[in-house]
Each structure stands twice: as C-alpha cells, then as structure tokens.
Amino acid sequence: FDDEGLSTLEKIYLFSRSQANFHKVFITHAMPSILPQVSAVEAVEYVLPLLNGLAMDEDEGVKEALATELVPIIWWFTSNCRLTDDESADPTAEPTPLLVQAFTPILGTLLLSHSAPVGSAARLAIVEILRRVHTTDVQALSSYGDEIFGEHERHLLEQEILQQVVIGIGRLDLPDEGQDEGMQMDLTSDDFAHISHALTLSNPSRTSSPVTHRSLHSPPPHLPLPISPPLGTPLSAAARGRARGGAPAAASADCDDAGEQAAVGRLSSMSLMAAVSASGFLEDSTKNAFVKEVERVGRDPVYWVRKEVSYALGALAKVVPVEVVHMALLPLFDSLSTDPVWHVRHSALFALPVILSRLSPWERRALALRTIIPLSSDTSPAVRLRVLEALGEVMYSFRDDPGGPPDAILRLFLGAFAPPHLLPAEATPAPSPVKWPDRVMNPGSSYIADGLFNEPARPLICAFNLPAVALTLGRERWPELRALYEALSQCEAMKVRRTLAASAGELARIVGPAHATRDVLPVWRAAVTAPEVEVRLKAIDSVGILLGTLPQAGVVALLEERWDSRGLGWKERESLTSVLIPLMQEGGGAAVGAVGALLRRALEDEVAAVRDAGVRAVPAMFKALAAHPAIAEQLGADVRALARSGTFRRRMTFVACYQALLAAEGYHNVLPDNPYWQSLVPLATDAIVDVRIGVARLVGTTCDQFARNAHAAPPNVGQIAVLLRADASAGVRAYVPVPPATAFQAADPALAGFATFSRPPPPTPTPTPPA
C-alpha cells in the first residue's frame, strides 16, 4: 500500500477488486482515513461503485467491515459533496453533486444480510447517521460548510434514510401502486434489482418459486426458536436466537424465495423503526408513517414478523401523541397479546409497561388486568415466565395512581406470601409455604396459576423487582411485602442473596429507617458475612446508601471487625476503601472517626491493590475532614507513622500518599507542612532503593514547582536533595541531576543543582548476546 508508484485511487481500486478477502477488509477499514486523499469527483465516479461491489461481496467478513465503517464513509461523502435529488445535475459542478439515493442500495443490501454482525452494524449506522444529521456542525468538517450540507441537504438525507431505507426495506414485495399515499416510496427498479442481486450472491440456491405456506409459517425443524431480549432493549428480539442481520433463526437458513426475502425486509424494517424511534429525532410526519407501517405489518401472516412488531410498537408508544396510542397502538397491542402463536404473545409483553404509562388510571387498570391475568395462566411456559418478569415494571406504572396497582396483579407477585387482606373473599387461607429453594407451593390457593407460582426462577425475579414494587407501594405498605422479603433472605441460591445485597441500600432508602433497621439491616449483615465473595462485594457497594438511611447501628464497627478478622477478602477490602468518602458523607459525623480508622487499615494492608485504593482516597479524605481538625490531625499522624514502619512497603506507601497530596491539593496547603518533610529525611537514605527512588521523584517534582519561587519551597527539601545527589544508585540520582544554578542558589546553595526536574533515565540498553 506504500508503493509510491500508485495513486491513492489506484490503490483503492486494486485492493477492492482483489481476490484476497483480507485485502478487501483492509481497504474497507482504511477507507475513512484515505478518502481525504481523493477528490470528491473521483470518489463519486470511482470509489462509490467499488463500495457497491464490497456490499455485494460473497464474503461476510468483507460486508461486516463495510458495515462497521459506514458512518465515517457516508459522512465524508455528505461533507464533501452536495446532496441532490436531481439526476440531471452536472457531475463537474462545484461542489460535486451526489445523488441522495447513492447509498440506499448499499444500506439495503447490508440490512438484508443473513450475517448477524453485518445487519446489526448496518442498523447502528443508520441510527448514528440520523443522529449526526440533527446534531453535527458540518462547518467544522468541510470548507463548504452549510453550502454543502445545509438544511435542505440534511432534510434530503434524513427523508431518504427514513422513507426509502427504514420504511422501504419493509415494502420490497409491494408494487408502487399498492403503497399508501404520502409514503413517497420511490426506490427505483434498479435499486431493488441491486438488492435482489446481492441476496442471490449470498444464497446461490435462491429460486423464483412462490413462497410456500410452510416456509413462512413453520420454522425448519433443525433451527432453534427465537429467544426474547432482556428488559429495556431498544432494538428487536432478533438479537436472540436468530441471525441479527435480518432473518430469524427460524427462517434464515431456508430464506430462498422472494416472498420470504420480503418477510425478512419487513422484520428488518420493524427493528429499524424501534431503534430510530428510540433515538428521539422523529418529526410528526415520520411518526405517523411509522405507525401506519406498524399497523400494516402487525397483521403480517408470518409470525416471526409479527413478533418483531411489538418492539417497534413499544418504542413508538413513548413518542407519539396519546391520541395515536388510543386509536392505533392500543388495538394493535390487544391483537398481538392474544395472538395464536406464543412467540407473539411473549414479545407483546415487552411493550405493555410503556403503553400502560401513556394511559389514564382507569384505562391502565383495565388493560393491565385484561392482559396480565389471562397470560399468567398461558399454555406456554415462556409466556408465563415473561409475565412474572414484567410484573415489576407493570406495577411501577401505577406508582402515581390512587390505591396503587390492582390487588390481583400484586397477588401474582407475592404468591403464597400475600397478606390475607389481598386474598379474594372466596379464597381458602393459604397454609405456610415451604421455604425456598424448595418449591414454594400452596395447594390451597386457587387464585394463582400453578405454573406461574412454581416457576423455579421466581425467587430471583422477585428479588430483582422488589425495590420497584416497594417504591410503587410506598413505605407505609411495606408490611405487605415483608413476608416475601424474609422468605427471599432465607433462600439458599447465591444469585438471590447477591441481588438482595446489591439492593439493600436503595431498599432501605425506600422503606425508611424504622423498617430498614428491622428488616433490611439483618439481610445486609448476613450478606457481609456470606461465604461467597460476590455477595460480600455487593453488600459493601451498598453500604454508603445504607448508612445514609440508618443510624450508625454498628455498621462501620462490623466492617472494622470483619477487616481485622480477615472476614473480608482483598477484593472486598479494595472495594470498601474506594467507597470510604461517600461512606463518611452518608454516615455523617458519627462515621468520621470510624472511616478514618478504615483508611489507616487500607494504607497498612499487605495487598498492593488495597494500599493503592487507600492512597487515592487520602487527598479527598483530608478535604472532607476540614470540619474535623482533631480527626484530620490523627489521620496525618497515621500517615506519617508509615514513614517509620519497619516494613518497606509501608514506607513506600507514605511517599505515595504525599505524592498524591501534592498532585491533588497543591503545595499551598501541603508543602509547608514541616512534619511531612521531616519524615522524608530518613527515607532519603533508606536501605531499599525503591523507597529512595520514590523520595527522589517527589523531591524532583517539588523543585520543578519552585524553580521560580525558591523562597516558598518547603523546609528540608534542600537537605533531602543533597542526600539524594550522593546516592550510590544512578536511578536515584537521575531524578535530581545538576543543571546550571538558578534562583535556588540565592535561596539555598544546597538547592542550586535542583532547579529543573529531570525526566527518568533512559532504559539501559540490553547487551548483545555473543554469537
């Protein structure tokens, strides 16, 4: 590539047309950095066709490379060419014209790829380009500024992507006359031929036979069924169990006819709509167009396409007017949540919390009951599990409603631990449940589906959602959750106890000091003393918030006891040291002394990672102790005591502490402190060379700071410098060399040789081994 006999354009051509895939991958990744070496005219005329060829390459690695570089490539073109929809524009004009649809076939080809990384990268590229259209100042990118990418050009690019890519990819099988008015779907036949050709290349066995009922409605038996994404995923469920590039796992391998290719396009369109809607840059006209498409595809005969609609539906429900939610999205949701295919019912539950948040209290209550109650006894175990997972979000949508969530939904969450006043009048009083992790069974309860009630994942799901439910009900209704919380705290499963430990602080803040002292504090204490390091770490992470809610209650004393008794591993000690400042701030004055004692333990720890965390905390600790001079003086004495320790690691820790103080606080408050510099004098002749090097670096930094103001230098620095100049180690002397005398000579002759801080010595050359 460095061949001086070839121009950049020639190199791009040769690498792009090479038979070696790694050549094409290389040039694709290099494209953003070398495009500035090509004129805009040459890029449009020669490079753009090469990009089309790379998009249709048979190797998925080449297409993946192009998909990941799409944003900078497209952005270079839009910043150096004038976008236009006029096909008769003079190609020799300045700035160079570029048809706005130039990248549409490339994007369409990549979106319909069967490769998961390719399709995912293409979708992310579209979202990022739309974001840049709205937020980037092109004046800084191009000498043409707004002349080349002004409001008109931005609108052209945005509409091309939204209408011809996001919406258009879902309409590949519709004739022009069959499209809705106002959709402006003007992809040319050449564009569709280009995409179709790319699909043929990626699947040579493709035929033109009509789509069969089996291929669209029944997944091939050798492929896994789709699995849903986690909560809050803005993109589609296509991320799990099927190729992210567009075709679901249930269809990608057999995607060999035009009808099924169009179905893949509709699925990809829904996924794009979900992502673009979540970006927040949609005009009302685009939102309306998206809603029309979602309504249309929601009736799709292919179940894995209908399944994808739910994610676009949920994303749109956040941004469209509430009237559109009532008139269009709510009826569609009812259809999806009662779909005959369980995959669709399962995905519909992801959109439920968002739709509930847009409704009035009585509408919210009605929708939640008519959706959750039937699906809680669904024939599909996956749907029942998803109901259990969604209960926390569903109930949280009732947080501002009088009376909170419906009792029937709260009972589903509490199960056998529901208090008597929540039971229906006709229900038999529940017998005492069996403790987890055994199956929590209540044969006498007829109001809850056995499958949902006996779900093995129920303890972990309840533990995860408990803070949200407690926040929804308010601290006055905490007694209704107490029995469930106590049962969860007795669960033997490590993941459940880890979750409870992580949420202990937030839960204490929600329920208030009285309930937290009685119920949450014992759970946190058990977590701190748990045998698993994962549980102890989560407990320590939550201690700061916990102390902000509870009285001192011996929390810090327990931490000290656990530290001294080796009940905390080094990871927990490091984590605890890193939260000492918020721990003191949350705990108030009563925690100040105890936190200082914990810091001293950290500085004396035998593990370097813990000592390093302690050193990082020292400057902030001194600042926080400004209102507690007595405790600050004690901490200073503890730090200076490290310099007299018989353990060289502690002496090095003292030097590191003072270096951290200098860097964080500046010399005005720290350097004139005689006790610290007096403590450094013996260390200048320490038996351990690493200690002396640390002192030399500290002195060198200090002399550099005072090169122009030697009279303000701290005491003892000259004495220490003289000792270091005479050190037997070149590594020590290198930090305090002897430059020409400066202002230090007048202030203190001993300092004359240290006016300029030296860089560390160069590495010693490695001797050449004998032949």
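Student: How do you know how far the coordinates can be trusted?

Tutor: This is a predicted model, and the chain averages a pLDDT of 79, with 75% of the residues scoring at least 70. Over residues 177-256 the pLDDT is below 50, and this stretch has 171 contacts in the model beyond near neighbours in sequence. Residues 437-450 also have a pLDDT below 50, with 32 such contacts.

Student: What makes up the chain in terms of helices and strands?

Tutor: The chain has 39 helices and two strands. Of its 771 residues, 53% count as buried. Among contacts between residues at least 6 apart in sequence, 68% join residues at least 24 apart.

Student: Why are α21 and α23 called roughly parallel?

Tutor: The axes of α21 (residues 458-473) and α23 (residues 494-511) cross at roughly 5° and come within 9 Å. Angles under 35 degrees count as roughly parallel, and the two helices are therefore described in that way.

Student: Is Thr286 buried or exposed, and how do you know?

Tutor: Its relative accessible area is 1%. Buried means under 20%, so Thr286 is buried. Thr286 is placed in helix α13 (residues 284-297). Leaving aside neighbours within four places in sequence, Thr286 is in contact with Gln159 and Leu162. Thr286 and Gln163 are 123 residues apart in sequence, while their C-alpha atoms are 8.3 Å apart in space.

Student: What makes Arg566 count as exposed?

Tutor: The relative accessibility of Arg566 is 57%. Exposed means over 50%, so Arg566 counts as exposed. Arg566 lies in the loop between α27 (555-564) and α28 (570-578). Its phi is positive, at about 60°, although Arg566 is not a glycine.

Student: Which residues does a cis peptide bond join, and what is omega there?

Tutor: The cis peptide bond joins Glu94 and Pro95, with omega at about -10°. Pro95 is in the loop between β1 (82-84) and β2 (97-99).

Notes: Residues numbered from 1 in each chain as written. Predicted model: local features only at pLDDT ≥ 70, side-chain atom pairs only at ≥ 80, totals over all residues. Heavy atoms only, no water. Axes fitted to C-alpha atoms, helices over the stretch in contact; angles between N-to-C directions. Helix = DSSP H or I, 4+ residues; strand = E, 2+ residues; numbered from the N terminus. Parallel < 35°, antiparallel > 145°, perpendicular 65-115°, else oblique. pLDDT = per-residue confidence, 0-100. Contact = heavy atoms within 4.5 Å. Buried < 20%, exposed > 50% of the residue type's maximum accessible area, 1.4 Å probe, protein only.
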